[in-house]
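Trainee: I've got a new model open and I'd like to learn how to read it. Can you take me through it, feature by feature?

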Amino acid sequence: MGALWGAAGLLAAYGLIMVLGSYRLLTPAGVDVPGILELMLVAGLGAAVTEELAFREMGLRLLEEFAGTWTAVVVSGRVFGMFHLTNPDATLWAGIATAIEAGLLEGVSYALTRSLWVVIGYHMLWNIVQGPVLGVPISGTGKASSKWHTGLTGPEWLTGGSFGLEASVVTVILLLAATVVLALMLRRRGGVAAPRAGGVAGELLAASAGLRSTDDPGDMVPDIGQVH
């Protein structure tokens with residue numbers, strides 16, 4: 001299920017940018033099959049497994065134990081965005097966009113399903129369709145072998161530029177909307193854990209996330225914009 005949503009989400013964002021006239025799907029002169037398979041393995045499966053293990057299974061889950069679900073989602077999402085600032089073509093905006101659209105969405109998805117495989121599948125198919133299939137740079141890691149190429153026309157805030165589709169405001173808006181829907185589902189199902197720590201440590205973590213210990217998804221959206 002996660003894999004299907006990953007592919008669908010990527011294609012939806014890509015399609016919207018194409019309708020706006022900023023993406024053109026091009027057929028390359030030749031296809032580097034070994035290069036495509038390597039990219040699928042490394043940037044698809046490898047990145048999805050290692051990053052979801054680190055940021056969701058370990059980071060979010062451990063933070064949630066004493067800081068609560070919302071703080072854990074926001075803090076782990078911010079760190080996820082900062083992590084992508086180390087990529088060659090990353091910009092400050094790209095890191096913020098990644099924190100909002102991917103860090104928060106995957107965090108809420110994990111909290112809702114409690115399945116690491118769902119977020120791994122989502123992350124993996126997002127990367128595979130974006131890079132090896134459509135030829136869009138994956139999170140600022142540069143161009144690589146792909147089935148098709150994507151031509152860019154227009155401003156970087158719309159196309160994502162050399163960082164890729166994740167730095168487009170279209171993607172941010174689309175995935176932020178999906179995150180809000182999933183967050184409301186999580187609250188209705190009673191899957192939100194309250195902070196257990198209390199005291200100075202809990203308050204400091206909540207403050208760093210831009211949340212209060214009593215915040216709910218309705219308060220969460222404005223605070224997302226405070227990501228720096």
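**Reading the fold**

Mentor: Start with the order of the elements: from the N terminus on, the chain runs α-β-α-α-α-α-β-α-α-α-α. That comes to nine helices and two strands. Helices (H or I, at least four residues) and strands (E, at least two) are DSSP runs, numbered from the N terminus.

Trainee: What ground rules apply to the numbers?

Mentor: This is a predicted model, where local features need pLDDT of at least 70, side-chain atom pairs count only at pLDDT 80 or more, and totals for chains, interfaces and linings use all residues. Residues are numbered from 1 along each chain as its sequence is written, and side-chain values use heavy atoms, with hydrogens and water left out.

Trainee: What share of the contacts links residues 24 or more positions apart?

Mentor: Take the contacts with a separation of 6 or more: 75% of them join residues 24 or more positions apart.

Trainee: And how much of the chain is buried?

Mentor: Buried means under 20% relative accessible area, exposed over 50%, and partly exposed in between (1.4 Å probe, protein chains only). Of the 228 residues in the chain, 50% are buried.

Trainee: Which residues have the most contacts inside the largest nonpolar core?

Mentor: A nonpolar core is a set of buried Ala, Val, Leu, Ile, Met, Phe, Trp, Tyr and Cys residues joined through side-chain atoms within 4.5 Å. The largest one here has 35 residues, and those with the most contacts inside it are L10, Y14, Y23, W126, L134, V136 and L165. Two or more residues come from each of α1 (2-19), α2 (33-67), α3 (69-83), α4 (92-113), α5 (116-133) and α7. Pick W126 to look around: leaving out residues up to four places away in sequence, W126 touches G6, G9, L10, L165, E166, T171 and L175.

Trainee: How do I check a helix, say α4?

Mentor: Compare its span with the expected one, which is 1.5 Å times one less than its number of residues. The 22 residues of α4 should span 32 Å, and its end C-alpha atoms are 31 Å apart, so the two agree. Look for bends too: the bend at a residue is the angle between axes fitted to the seven residues ending there and the seven starting there. α4 bends by about 30° at A99. As for cover, 19 of its 22 residues are buried.

Trainee: What follows α4?

Mentor: R114 does, with a positive phi near 55°, although R114 is not a glycine. R114 sits in the loop between α4 and α5 and counts as partly exposed because its relative accessibility is 42%. S139 is another non-glycine with a positive phi, about 50°, but S139 is buried at 8% relative accessible area. Its place is the loop between α5 and β2 (149-152).

Trainee: Which backbone nitrogens lie by the side chain of S115?

Mentor: S115 is in the loop between α4 and α5. A polar atom of its side chain lies 3.4 Å from the backbone nitrogen of W117, and one lies 3.3 Å from that of V118. S115 and G2 are 113 residues apart in sequence, yet 9.5 Å apart in space, C-alpha to C-alpha.

Trainee: Is H123 buried or exposed, and what does its side chain pair with?

Mentor: H123, in helix α5, is buried, with a relative accessible area of 5%. Its side chain makes a polar contact with the side chain of E52 at 2.6 Å. A polar contact is a pair of N or O atoms within 3.5 Å; within protein, one must be able to donate a hydrogen and the other to accept it, and residues adjacent in sequence count only if both atoms are side-chain atoms.

Conventions. Contact means heavy atoms within 4.5 Å.
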